[in-house]
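Here is a walk through one protein chain, written to be read with the model open beside you. Take a look before going on.

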Amino acid sequence: MKKYTAVIVDDESKNIELLSHFLQKYCPRVEVIKTCTSRKNAIEYLSNENPDIVFMDIRLDIGTGFDVLKAVDLKNSQIIFVTAYNEYALKAFKFNVVDYILKPIDIEDLIKAVNTAIERINRQEPINLNLIESLIESINPKDNSLDFVAIPTINKIDFIKTNQIIYLKSDGKYTEFHLLDGKIIISSKNIGEYNQLFDSNKFFRIHNSYIVNIYFVKEINKTGGNYIELINDISLPIAKRRQIELHKFIKIK
């Protein structure tokens, strides 16, 4: 059985250990020959080596995996991004020549991504450097302003424009996305993860159970408790501890 060399770039040692374990158990054709825990370490190693596959975390100790790609020539390697964040145009990656896996890693997604990479290697299909360069130029990793969000559900990943989201509602370990067209999408992630992800200038967590898109706020109702009124006659409670912060946020005080 032919072996394909792989390098893992991730600043979390536990993530490296887990991915290495999954590869050894479920992708026996892949042999991890090197792990890099920093951007500097990755650049130093990949400047002189061209493994078949590079598993690249997007956010590193300093900078991002994109910084590594800008610094080295990996035209003979296949890139698989492994990330908990979906703000880096992952939809564009998925429909082109680079692949990605969302954390926590789904075994089926990993196997599929590895098999796709091996097929490209066997076809001698290089990665699209122009595509990656254009993505690097168009994406500012320090900017959390999302044009769309990837919502992982049980059977698929939906890509929704953020300007279509009225509010998010917590449902235990899941999150409901309430959209402008009345549709509700249930994400397999909890609301806390989205609270960290969304643009803090556009989305505000008014309650442990709710995050609202400020663009769709009509008014704040102080009658019978504090409520925020959204379009489509939607009324949501504002937690007491969030009221002052919300007023500052929308510049009432």
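Is R242 buried or exposed? R242 counts as buried, because its relative accessibility is 15% (buried means under 20% relative accessible area, exposed over 50%, partly exposed in between, with a 1.4 Å probe and protein chains only).

Before going further, a word on what you're looking at. This is a predicted model, in which local features need pLDDT of at least 70 and side-chain atom pairs count only at pLDDT 80 or more, while totals for chains, interfaces and linings use all residues. Residues are numbered from 1 along each chain as its sequence is written, and side-chain values use heavy atoms, with hydrogens and water left out.

So how confident is the predictor? The average pLDDT (the predictor's confidence in each residue, from 0 to 100) is 82 for the protein, and 82% of the residues score at least 70. Helices (H or I, at least four residues) and strands (E, at least two) are DSSP runs, numbered from the N terminus. Keep an eye on residues 138–146 too, where pLDDT stays under 50. Where pLDDT is low, the predicted coordinates should not be read in detail.

Back to R242, which has a charged partner. R242 and E245 form a salt bridge, with the closest N and O atoms 2.9 Å apart (a salt bridge is a side-chain nitrogen of Lys or Arg within 4 Å of a carboxyl oxygen of Asp or Glu). The two residues sit about one helical turn from each other, because they are 3 residues apart in helix α8 (residues 240–249).

The whole structure has 3 salt bridges. R39 and D67 make one of them, at 3.6 Å from N to O. This pair links distant parts of the chain, with R39 in helix α2 (residues 39–46) and D67 in helix α3 (residues 65–71), 28 residues apart. D67 also forms a salt bridge with K70, their closest N and O atoms being 3.9 Å apart. Here both residues belong to helix α3, 3 residues or about one turn apart. R39 itself is partly exposed, at 28% relative accessibility.

Now for the strands. Strand β12 (residues 210–213) pairs with β8 (residues 165–171) in the antiparallel sense over 3 bridges (two strands pair if DSSP finds at least two bridges between them). K169 has Y210 of β12 as its bridge partner. β12 is also joined to β11 (residues 203–207), again antiparallel, by 4 bridges, and β11 and β12 form a hairpin with 2 residues between them. Along β12, Y210 and V212 point one way and I211 and N213 the other, and all are buried.

Further along, β13, β14 and β15 make an open antiparallel sheet in the order β13-β14-β15. β13 (217–221) and β15 (234–237) are at the edges with a single partner strand each, so one side of each has no neighbour in the sheet. β14 (residues 227–230) and β15 are joined by 4 bridges, and Y227 has P237 as its bridge partner in β15.

Last stop: D57 in strand β3 (residues 53–57). D57 is buried, with a relative accessible area of 6%.

Terms used:
Contact = heavy atoms within 4.5 Å.
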